[in-house]
Amino acid sequence: MSKASRTLFVAYTAIMTALVYIMTCIAVPMPKPLGVWHLGDVASFVVAIMFGPKVGAFACGVGAMLFDLWNPLYQSTFIQWAPATLVIRGAMGYIIGKLRRIIPSKPRISEVLAMAVSHAWKNFAYFFYDYWLFGPVAYLDLITFFPLSIVDIVAASLVLMALRKSLGVEYFM
């Protein structure tokens, strides 16, 4: 990788990490163990699909973890989720980035599949973490997370369609 492409990679990664953090800050807190409902997953999907697994893993994991560590509205209320968020959402970003082209002849189906698989991973991983933290009340995760996942996938698909149309690019990396 040339110095210019490394610089571009670092710049994209930093900007996309900030985007995931900012979109995660647009949040509505829920009763424990549900954490928050936020727009960070939509940003995570778009970032991992447009930039691939490396940028996706870093931006999704670190951007969301920064929200858990400190955010403008709720300060450090969600700090107990920070270690799990780094791993769970980092893996989510990597999964999306790797699977985004799994069916080369059907790129949009590949992207929806990548988002669905990664969200299933995220939802079950947070369920197990929340079960460890809070016990059986964590079953509420499974009831609420999956319907929200559908909303996130639809929203991300619409954002991707609009971005591609306005920018004229399929992927950045």
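Predicted model: local features only at pLDDT ≥ 70, side-chain atom pairs only at ≥ 80, totals over all residues.
I noted where the two sit: Arg89 is in helix α4 and Asp41 in helix α2, 48 residues apart, so I logged the pair as a link between distant parts of the chain, given how helices are numbered from the N terminus. I then checked accessibility and found both Arg89 and Asp41 buried.

Next I looked up Glu170, which forms a salt bridge with Arg108; the closest N and O atoms are 2.6 Å apart. Glu170 is in the segment after α6 and Arg108 is in helix α5, so this bridge ties together parts 62 residues apart in sequence.

I moved on to Glu111 and Arg164, whose side chains meet in a salt bridge at 2.7 Å, N to O. Glu111 belongs to helix α5 and Arg164 to helix α6, and the pair links distant parts of the chain, 53 residues apart. I found Glu111 buried, and Arg164 as well. I also recorded that Arg108, Glu111, Arg164 and Glu170 are linked in a network of salt bridges.

**Helix α4.** I returned to the helix that holds Arg89. I read 18 residues for α4 and a reach of 25 Å from first C-alpha to last, close to the 26 Å expected at 1.5 Å a residue. Its buried residues include Ala82, Thr85, Ile88, Arg89, Met92 and Ile96. What do the buried residues of α4 pack against? I found β2 (36-38), α2, α3 and α5.

**Nonpolar cores.** I listed the largest nonpolar core and got 21 residues, with Val47 and Ile96 having the most contacts inside it. Six helices each supply at least two of its residues: α1 (3-25), α2 (40-51), α3 (53-69), α4 (82-99), α5 (107-134) and α6 (139-167). Which helix gives the largest share of this core? I found that α2 does, with nine residues.

I then listed the contacts of Val47, leaving aside neighbours within four places in sequence. They are Met16, Leu19, Val20, Gly52, Val55, Gly56 and Ala59. I also found a second, separate core of 15 residues; among its members are Ala27, Leu34, Val36 and Trp81.

Definitions and conventions. Residues numbered from 1 in each chain as written. Heavy atoms only, no water. Core = buried A, V, L, I, M, F, W, Y, C linked by side-chain atoms within 4.5 Å. Buried < 20%, exposed > 50% of the residue type's maximum accessible area, 1.4 Å probe, protein only. Helix = DSSP H or I, 4+ residues; strand = E, 2+ residues; numbered from the N terminus. Contact = heavy atoms within 4.5 Å. Expected span 1.5 Å × (residues − 1). Salt bridge = Lys/Arg side-chain N within 4 Å of Asp/Glu carboxyl O.
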